[in-house]
Amino acid sequence: MAMNPPKASQASRPARRLWRGSTYTALIMIAVLAVAAGGWVYWSVHACLPRLDGMIQLQGLQGKVEVLRDAHGVPHIRAASLDDLMFAQGYVTAQDRLWQMDLSRRIAQGRLSELFGSRTLHSDIENRTLGMQQAAERGVKDLDPEEQKLLADYARGVNAFIRTHQSRLPIEFLLLRYHPDPWKESDSLEVALNMARLLNTSWPDELMRERVRSKLGNPQLEADIFPASSPLDHPVAQPLPGTVSPAGRRYAASTELQPRLPDSVEVVMATPEDTLADLDPMLQALELPSSYTGVGSNNWVIDGSRTRSGKPLLANDPHLPYGVPSVWYMVHLEAPGLDVSGVSLPGLPMVIIGHNRHIAWGVTNTDPDVQDLYEETFNPKNPREYRYDGKWVKASERTERIKVRGKPDDVLRVKSTRHGPILPDTGNRTFALAWTALMPGALQFPFLKIDEAQNWQEFTDALRGFAGPMQNFVYADTDGNIGFYAAGWVPIRKRGDGSVPVPGSSSDYGWTGMIPFQDLPHAYNPKSGILATANGRVVPDNYPFFITSMWGSPYRTARIYQLLEAGKSFTVADMLKIQMDIHPLDDEWLRQRLLAAAKEYPPESGDVQYAVSKLRVWDGEAAANSAATLVCELTWETLLYRVLGPRLGKDLSGYECPMSRVFLQNAVDNNLNRWLPPGDQSFNQTLMKSLDEAVGQVPELVGTDDHNGWKWGATIPLTFRHPLGGAFAPLGWFLNVGPFLQSGTASTIRRATLGVGPSMRMVADLGNLDNSVQNITLGESGQPFSPYYKDQFEAWYHGQSFPMLFSDAAVQAGAIHRLVLEPADANPRAARKAGQ
């Protein structure tokens with residue numbers, strides 16, 4: 001009897017069991033691989049964390065160095081010699097910030113495309129054109145032997161870390177699959193050049209002003225929209241001896257020796273004109289927002305007549321672009337003859353802002369005009385020659401080869417005249433750029449002398465060696481003195497003020513020297529007991545030299561003076577409170593004008609009526625949930641467009657002026673009818689029409705028609721972006737910090753914008769230095785698995801701070817980690833093993 005074949009269901013059971021078994025096995029394997037991969041990633045990122053306790057032997061040290069770290073990972077480094085101190089500072093900074101340091105020098109060298117491909121080629125072309133790497137190398141040779149030794153010892157320390165951590169580098173090296181080159185002395189000067197470029201790029205303003213001038217065709221109108229002063233100004237500089245009027249400005253004589261002007265100067269260009277939103281997300285932390293003008297920061301100092309202790313208090317919060325990791329690195333350095341605490345720039349030795357046992361200092365950007373555009377005329381018969389004083393002169397040329405990841409090298413031909421390199425991408429005109437920062441001797445490094453200074457005379461003597469970027473230094477000492485000095489090179493022009501491009505074919509527009517140091521803006525022990533700067537005008541009307549035609553707006557400075565003049569018996573806590581002040585004087589003015597205009601022209605739409613009602617009850621604080629602040633800030637924009645549009649056109653993106661709101665105030669308060677828009681009966685009508693336009697933009701901006709969604713802070717979300725945080729979402733979640741709502745505006749003391757704000761806060765108490773406080777935006781470490789990656793953020797965000805431990809007793813009591821660096825055995829293998 002024949003057997004029936006098994007049913008399909010019966011025949012498939014073994015296959016199903018086999019399939020299920022294979023599936024389970026595959027899932028188990030995937031899980032095992034995922035766990036293994038996760039374990040490998042976890043081990044990799046934790047293995048690269050620095051050793052903070054115990055003992056490490058290092059070749060290159062001459063003696064033992066002690067590194068104590070406090071509860072926020074701030075290193076307090078003590079050495080028996082300055083050589084070992086600089087070595088240890090380089091090593092310890094590399095422990096926390098090596099990839100940031102490497103990235104910074106790559107930016108200056110024009111070597112980003114080796115890592116990121118063609119997306120960074122534009123930046124590399126700029127910096128190769130300018131020869132920043134060559135300038136830094138020349139700069140090292142120009143330093144005096146003591147300064148060279150500082151950079152060399154620091155570089156040896158960085159290289160000791162690189163040499164002993166080749167298999168345990170920060171995660172960014174692992175992700176990008178490369179190893180850092182040894183650190184050189186010139187790399188440190190490249191870090192300094194990056195900061196100079198950030199703070200002193202002004203040449204785009206010259207093209208902008210030239211375009212505006214051609215459209216207006218009237219000097220009075222131009223003077224209106226580029227105001228040089230404001231009733232709110234607080235010039236802190238004391239009048240120079242013998243200056244009685246502005247008549248001789250730009251031409252004052254001096255017998256002081258001036259820096260030599262070279263036949264050929266290589267200079268720095270501005271960043272691309274892409275807006276931050278248009279950039280590749282990966283590069284948002286590498287590129288400077290085009291809206292950043294270098295204008296930002298607060299500092300002030302008050303003498304003992306205004307403090308509870310009877311000794312000065314000094315406060316500083318520099319405003320710089322947000323990023324991961326923080327711009328600054330906090331450090332305390334101690335060696336024979338030196339005891340200084342504050343912040344450094346990763347890649348540069350010494351302390352840049354801080355205090356020692358006798359003095360304290362802080363800085364803001366003066367923002368002088370130290371760049372000029374020269375329109376060159378090249379020989380149509382020989383493109384290598386340009387015209388100068390009636391003769392054809394040969395231009396210099398060089399070739400730059402830029403490596404681009406995944407693509408062939410990009411070959412760049414760079415042409416320069418006596419004024420500087422020829423800028424790319426300037427249309428049918430040929431411009432050369434002159435900039436003080438790359439002149440011979442401009443890369444001096446006086447910070448050892450600054451850090452060692454014990455009084456005003458020694459401090460100002462040290463500042464003589466500071467070429468720039470020009471800064472407003474405020475000063476205080478334990479003897480009760482306070483002072484201010486705007487130090488840095490500012491050119492004296494033979495003709496003109498550099499506000500627009502000038503002919504390069506004539507020597508008539510050349511630079512004849514720099515403002516003599518003794519004639520730079522300064523003040524000492526003013527009767528008021530107050531010195532404060534916030535990027536506004538610092539010189540009186542009769543100051544005889546030209547510094548800039550684009551001073552910062554006066555609102556932050558005026559608000560600081562308003563608060564300081566109203567009080568006595570100030571404490572450190574009071575200074576922190578002032579640093580967090582969010583009362584915008586410009587919005588306060590606009591609110592008053594809008595409410596007055598609304599009485600004459602009552603609003604008809606419900607949304608505008610709601611806006612006016614919020615203005616009436618506004619407490620004057622630019623809080624994150626403030627609807628009134630949102631209304632004011634949007635109305636400023638629509639008012640500017642409404643007033644300028646008829647003369648400059650609908651697109652005002654070509655007009656940039658930090659004093660634009662001062663212009664609008666002048667136009668309204670002084671009833672300047674030449675600026676009254678066509679069809680408007682009065683400026684009150686202009687204000688109400690501008691308010692109506694602003695209110696119409698709110699729903700789209702905040703994403704809702706609900707009035708409860710009218711929140712200012714939602715329009716300026718705060719995010720700290722890591723350069724790799726935009727590569728793909730999970731990496732961004734891991735590396736970036738934010739977004740968060742913000743309080744404040746661009747005009748409040750607590751500055752708040754999309755990409756720029758307080759990079760650190762410091763208050764130095766000259767009555768008790770251990771009572772001083774300081775913190776940075778995120779944390780000391782650039783490594784995301786470190787407990788010090790973002791441990792300071794909450795305090796920074798809420799305006800709190802941490803003790804700036806300084807005395808030996810305070811440092812010892814606050815020490816959480818104790819590391820000893822010792823000289824290594826001469827055997828390289830033993831040294832490498834010890835360094836692990």
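**Figure 1. Cavities in the predicted model.** Six cavities of 30 Å³ or more turn up in a search of the whole structure. A cavity here is a set of points, on a 1 Å grid over the protein atoms alone, where a 1.4 Å probe fits but cannot get out; lining residues have an atom within 4 Å of a point. Grid points are joined across faces, edges and corners, and a volume is the space filled by probe spheres set on the points. This is a predicted model, in which local features need pLDDT of at least 70 and side-chain atom pairs count only at pLDDT 80 or more, while totals for chains, interfaces and linings use all residues. Residues are numbered from 1 along each chain as its sequence is written, and side-chain values use heavy atoms, with hydrogens and water left out.

**Figure 2. The largest cavity holds about 500 Å³ of space.** It is lined by 39 residues, and those closest to its centre are Met-195, Phe-466, Gly-468, Pro-469 and Gln-471. At least two lining residues come from each of α8 (185-200), β6 (319-321), β10 (359-365) and β19 (471-477). Helices (H or I, at least four residues) and strands (E, at least two) are DSSP runs, numbered from the N terminus. With seven residues, α8 gives the largest share of this lining. By type, the lining has 28 nonpolar residues, 11 polar and no charged. In this count Ala, Val, Leu, Ile, Met, Phe, Trp, Tyr, Cys and Pro are nonpolar, Asp, Glu, Lys and Arg are charged, and the others, Gly among them, are polar.

**Figure 3. The second largest cavity has a volume of about 70 Å³.** Its lining consists of Glu-66, Leu-68, His-76, Ile-77, Arg-78, His-332, Leu-333, Glu-334, Phe-806, Asp-808 and Val-811. Two or more of the lining residues come from each of β2 (65-69), β3 (75-79), β7 (329-335) and α22 (808-814). Five of the lining residues are nonpolar, two are polar and four are charged.

**Figure 4. Asp-70 sits in the loop between β2 and β3.** Asp-70 is buried (under 20% relative accessible area, with a 1.4 Å probe and protein chains only; over 50% is exposed, and in between is partly exposed). A polar atom of the Asp-70 side chain lies 3.1 Å from the backbone nitrogen of Val-74. The side chains of Asp-70 and His-76 make a polar contact at 3.4 Å. A polar contact is a pair of N or O atoms within 3.5 Å; within protein, one must be able to donate a hydrogen and the other to accept it, and residues adjacent in sequence count only if both atoms are side-chain atoms.

**Figure 5. Selected salt bridges.** The whole structure contains 41 salt bridges. One of them joins the side chains of Glu-210 and Arg-429 (2.8 Å, N to O). This pair links distant parts of the chain, 219 residues apart: Glu-210 is in helix α9 (residues 203-216), and Arg-429 is in the loop between β17 (420-421) and β18 (431-435). Glu-210 is partly exposed at 23% relative accessibility, and Arg-429 is partly exposed at 27%. Glu-222 and Arg-213 also form a salt bridge, with their closest N and O atoms 2.9 Å apart. Glu-222 is buried at 9% relative accessibility, whereas Arg-213 is partly exposed at 36%.

**Figure 6. Arg-661 pairs with Glu-633 in a salt bridge, the closest N and O atoms being 3.0 Å apart.** Arg-661 is in helix α18 (residues 660-669) and Glu-633 in helix α17 (residues 627-648), so the bridge ties together parts 28 residues apart in sequence. Arg-661 and Glu-633 are both buried.

Figure 7. Most residues other than glycine have a negative phi, and most peptide bonds are trans. The peptide bond from Val-324 to Pro-325 is cis, with omega near -5°, and Pro-325 lies in the loop between β6 and β7. Gly-738 and Pro-739 are also joined by a cis peptide bond, with omega about 5°; Pro-739 belongs to strand β27 (residues 737-740). Asp-389, not a glycine, has a positive phi of about 50° and lies in the loop between β13 (382-388) and β14 (391-394). Asn-535 has a positive phi near 75°, and its relative accessible area of 1% makes Asn-535 buried.

Notes: 1 Å grid on protein atoms, 1.4 Å probe; cavity = no way out; pocket = protein on both sides within 12 Å on 5 of 7 lines; lining within 4 Å. Lys, Arg positive; Asp, Glu negative; His and termini not counted. Salt bridge = Lys/Arg side-chain N within 4 Å of Asp/Glu carboxyl O.
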